[in-house]
Amino acid sequence: MQRFMITGGYRLAGTVKVSGSKNATLPIMAASLLLDEKCILRGVPRLRDVEVMRDLLVYLGASVIWEKDVMYIDTQGVGYQDVSEELMRRMRASNLVLGPLISRYRFARISYPGGCDIGSRPMNLHLKGMQAMGVGIKEKFGYITAETEKLKGSEIYLDLPSVGATENIMMAAVLAEGKTVIRNAAREPEIVDLQNFLNCIGARVKGAGTDTIKVVGVDGLNGTDYTVIPDRIEAGTHMVAAAITRGDVVVTNVIPEHLEPVINKLREAGVYVEVKDEQVRVSMDKKPKAIDIKTMPYPGFPTDMQPQFMALTTLAEGTSIISETIFENRYKHVMELRRMGADIRLEGHTAVVKGVPGISGTLVEASDLRAGAALVLAAMASENGTVVDKVDHIDRGYERLENKYNALGARIIRVHN
Ligand code: EPZ
């Protein structure tokens with residue numbers, strides 16, 4: 001595992017460009033399995049999770065050439081529909097191959113992705129959707145085997161707007177017979193991006209971004225050349241980095257409407273945020289005000305920004321209340337922030353964060369990618385040195401984060417221990 005040695009107290013200033021969205025890239029890479037020809041993806045971020053999905057496609061028989069941020073995928077050679085436990089355990093989002101494999105081969109076998117540090121991560125809604133389309137599901141020895149003679153369009157209601165379940169069902173429906181309607185669908189921008197990709201390869205999908213998505217099955221699909229959207233969570237992380245270090249940063253390559261909940265909360269905390277075309281300028285010259293946050297499905301406040309905002313509120317004037325409603329265990333960063341002197345009390349799914357005059361560096365450990373990012377933000381605002389351990393978690397969702405922040409004036413050294 002690698003670690004960051006961070007010297008705090010330096011304000012960030014300058015311009016930083018956001019990379020492509022991890023959570024749009026992963027389902028779109030999985031969707032390439034629907035094709036038996038080539039496609040090109042552009043704006044692909046150099047992330048560990050994208051490497052894992054690349055390895056998974058290659059394991060299934062695809063060929064993938066990845067140069068800088070362009071990925072050339074050829075799925076003609078795919079002849080394997082069985083994903084091993086070792087691969088599934090590397091990344092939960094590997095379960096996104098279920099829909100495309102079922103759609104194209106009428107068979108798929110994946111092992112349960114297993115829980116992770118933020119929650120149990122069940123797949124019941126994914127499987128409910130498949131079963132509604134006539135897929136037989138067998139669960140044994142930790143494996144899910146999905147098989148059917150024919151996929152038939154169906155009307156599916158999701159008990160909760162699961163991002164992954166919405167994506168898997170969309171991909172399963174594109175080659176099904178007839179029409180599929182997904183109700184109470186997730187509305188995240190990454191789902192709109194998946195819809196746009198699917199329509200570019202000849203599918204007939206509409207309604208993404210609303211709570212009702214309609215898919216009319218087609219007979220065949222074709223390759224395409226597609227550019228993924230920028231990463232709204234990376235953008236939000238940089239905006240909080242500017243605020244917590246009392247800096248002045250222009251974040252470029254953003255889609256402002258994807259950042260509305262983040263912009264709104266930063267302004268509520270007294271942070272200056274200026275939106276212009278595809279960039280936002282964030283500056284701060286005083287302590288932030290306390291704010292209350294409740295994570296919700298999009299377009300509500302994103303759970304993936306909760307740890308980063310908690311880091312900001314540890315230094316706020318007053319007490320902030322943060323409620324995590326999406327995942328049952330997304331507070332691993334609380335203990336680490338406490339070690340830095342933060343005053344945080346957990347009451348069930350609610351964190352009560354009492355602002356303190358300052359936090360100080362120590363040895364902390366990243367438990368997942370967003371918690372790790374939050375610790376980097378806190379370290380950059382702390383009064384002395386911090387060691388953030390297990391930064392491999394951060395590399396899953398951020399492209400060389402230390403380079404981006406050092407270019408803005410931070411002092412971060414990556415150490416291979
Ligand atoms: C996606 O995960 C994202 N990952 C997550 O980002 C994000 O936090 C999450 O959506 C919520 O926005 C990718 O897109 C690759 P869910 P996903 O299914 O699809 C429960 C990051 O940091 N649920 O919307 O796994 C589940 O337990 C990652 O980039 C069921 O109960 O999230 C959770 O409590 C972390 N049954 C809630 O729904 C199911 O069948 C939301 O999960 C599926 C989910």
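Contact, in this talk, means heavy atoms within 4.5 Å. Helices (H or I, at least four residues) and strands (E, at least two) are DSSP runs, numbered from the N terminus.

Good morning. The structure is a predicted model, in which local features need pLDDT of at least 70 and side-chain atom pairs count only at pLDDT 80 or more, while totals for chains, interfaces and linings use all residues. Residues are numbered from 1 along each chain as its sequence is written, and side-chain values use heavy atoms, with hydrogens and water left out.

I begin with helix α2, residues 48-59. Its 12 residues reach 16 Å from first C-alpha to last, close to the 16 Å expected at 1.5 Å a residue; the expected span is 1.5 Å times one less than the number of residues. Which residues of α2 are buried? They are Asp49, Val50, Val52, Met53, Leu56 and Leu57, where buried means under 20% relative accessible area (1.4 Å probe, protein chains only). They lie on the same side of α2, because they cover an arc of only 155 degrees around the axis, taken from the directions from the helix axis to the C-beta atoms. These buried residues pack against α1 (22-31), β4 (63-67), β5 (70-74), β6 (82-83) and α3 (85-90). After α2 comes Gly61, with a positive phi near 115 degrees.

I turn now to the sheet. Four strands form an open, mixed sheet in the order β6-β7-β9-β8; two strands pair if DSSP finds at least two bridges between them. β6 and β8 (136-140) stand at the edges with a single partner strand each, so one side of each has no neighbour in the sheet. β8 runs antiparallel to β9 (residues 143-147), joined by five bridges. Within β9, Glu147 is the bridge partner of Gly136. Thank you.

Conventions. Buried < 20%, exposed > 50% of the residue type's maximum accessible area, 1.4 Å probe, protein only.
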